Every structure is written in structure tokens, then in C-alpha cells.
Amino acid sequence: MNIFEAIQNRHTVRAFTGEAVPRDDILKIVDAGRLAPTGYNIQPRHFIAITEEDTIQHLSKADEWIAEAGAVIAIVIDPARSDFTTEDASAAMENMLLALTALGYGGCWVEGDIEPHEAEFKRLLNIPAELKLFSLLPLGVPSGTPHENPKKPIDEVLKWETF
Ligand SMILES: Cc1cc2nc3c(=O)[nH]c(=O)nc-3n(C[C@H](O)[C@H](O)[C@H](O)COP(=O)(O)O)c2cc1C
């Protein structure tokens, strides 16, 4: 799958078969996140690859469907090191979403739903106090066909030369 096909085929997936995701595939996906750009190349983010069933079950407190994910990748940022940690983590997240799509998996950017659980999840994942749990990326083999969220047409969002 080339990059344009991965962009077209990426849809949020919140239903998984429950199959585990092989370690090699998790490595490829996190590597895509690692290679994303960061402001001043500071790279103020870490990735936690979560494959243990108990931990995944615990994370499903944020969203029930996470329980069926084959793996979860957490993005952790270090806000003291850069003013651009949100953008840096977002670029990594999108790279990982495209990589997992190219490998035939589905996943979902989970950010809003973890906010009420951040302190608890930080303890669970042993994240140092000064760092922030930015988001979770539950992923797995999709169960069924993902729902396609309609996007605005190009004419509505693109202006040429001036606004
Ligand atoms: C910044 C951000 C935060 C999100 N947070 C959540 C979330 O907490 N829970 C969830 O189920 N989906 C979350 N999503 C997924 C969006 O709902 C989804 O991307 C959107 O509906 C568009 O669908 P698409 O990804 O298929 O294009 C988030 C997406 C983004 C970009």
C-alpha cells in the first residue's frame, strides 16, 4: 500500500477481533511514530507498547471497546522540554495510524476520553509525574468494515493563492 492509499484507507476503527498484534508489527508502527518530525528535533515524546491483557482491560475504563484491542500504544510527552509537544505527539500519532493501516490493522486516536483517567493511567503505566500521558492508540485486526466519516470536499477547504 502506498502512502496515498494508506491515507485514503485510514478510518477510525473501534471494533477488533481480539487477535494479538505481533511484536514485529508493533515495532514497525512505533518506528513510524519515532520518525515523525518534532519542533527543533527535540523529540520530547516516548512510546509505551502495551500488550498485556490485564493492562489493556484496565485501559478500557476510558472506552469499553479498548478491551478488544490487540495492543495499545501510549504516547507520553515531556512538556518541560518543548513548547510543541502537542504537535510533536500528533505528528507521531498520524504516522502510526498510517503505518498500522498499511499493515492491515485498524486503530483509534484516543485523547479526550483518557483525560478523566490520566492520573490513574499514569500510575498503571508507571509514567513519571513530570510527564503527561498525551493519548492512547488502541489497535488490532478490524472486526467488520469501519464506518467512514465523511470529509469536506476539497473545494470547500482549499483556496489558491489567497483566502
Ligand atoms: C485529537 C483527537 C482526539 C480524539 N479523541 C478520541 C477519543 O477520546 N475517543 C474516541 O473514541 N475517538 C477519538 N478520536 C477519534 C475521532 O473521533 C475520529 O478521528 C473522527 O471521528 C474522524 O474519523 P476518522 O478518524 O475515521 O477520519 C480523536 C481524534 C482526534 C484527532
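The following exercises, each with a worked solution, concern a predicted model of a protein structure.

**Exercise 1. The nonpolar core**

Determine how many residues the largest nonpolar core has, and identify those with the most contacts inside it.

*Solution.* 
Step 1. In soluble globular proteins, nonpolar side chains tend to be buried together.
Step 2. In this model, the largest nonpolar core has 21 residues.
Step 3. Val-72, Leu-133 and Leu-136 are the residues with the most contacts inside this core.
Step 4. At least two residues of the core come from each of α3, β2 (71-77) and β4 (132-140). The greatest contribution is that of β2, which gives three residues.

**Exercise 2. Salt bridges**

State how many salt bridges the structure holds. Then examine the pairs Lys-28 and Asp-25, Lys-61 and Glu-120, and Glu-118 and Lys-132.

*Solution.* 
Step 1. Side chains of opposite charge can pair when their charged atoms come close. The structure holds four salt bridges, and a pair qualifies when the nitrogen is within 4 Å of a carboxyl oxygen.
Step 2. Lys-28 and Asp-25 form a salt bridge with an N to O distance of 3.9 Å. Because these two residues are three residues apart in helix α2, about one helical turn separates them. Asp-25 counts as buried, at 15% relative accessibility.
Step 3. The side chains of Lys-61 and Glu-120 form a salt bridge at 2.7 Å, N to O. Lys-61 lies in the loop between α3 and β2, while Glu-120 lies in helix α5 (residues 118-124), so this pair ties together parts that are 59 residues apart in sequence. Glu-120 counts as partly exposed, at 21% relative accessibility.
Step 4. Glu-118 and Lys-132 form a salt bridge at 3.5 Å, N to O. Since Glu-118 belongs to helix α5 and Lys-132 to strand β4, the pair ties together parts that are 14 residues apart in sequence. Glu-118 counts as buried, at 19% relative accessibility, whereas Lys-132 is partly exposed, with a relative accessible area of 33%.

**Exercise 3. Surface patches**

Which residues form a negative surface patch, and which make a nonpolar surface patch of about 460 Å²?

*Solution.* 
Step 1. The negative surface patch is formed by Glu-52, Glu-53, Asp-54 and Glu-68.
Step 2. One of these residues, Glu-53, lies in helix α3 (residues 53-59). Membership of a patch requires over 30% relative accessible area; Glu-53 has 45% and is partly exposed.
Step 3. The nonpolar surface patch is made by Ile-154, Val-157, Leu-158 and Trp-160.
Step 4. Leu-158 is placed in the segment after α6 (154-157). With a relative accessible area of 36%, Leu-158 is partly exposed.

Methods. Residues numbered from 1 in each chain as written. Predicted model: local features only at pLDDT ≥ 70, side-chain atom pairs only at ≥ 80, totals over all residues. Heavy atoms only, no water. Patch = residues over 30% accessible without salt bridge, like charges linked within 9 Å, V, L, I, M, F, W, Y side chains within 5 Å. Areas by Shrake-Rupley, 256 points an atom, 1.4 Å probe, with all protein chains shown as cover. Lys, Arg positive; Asp, Glu negative; His and termini not counted. Charge placed at Lys NZ, Arg CZ, Asp CG, Glu CD. Helix = DSSP H or I, 4+ residues; strand = E, 2+ residues; numbered from the N terminus. Buried < 20%, exposed > 50% of the residue type's maximum accessible area, 1.4 Å probe, protein only. Core = buried A, V, L, I, M, F, W, Y, C linked by side-chain atoms within 4.5 Å.
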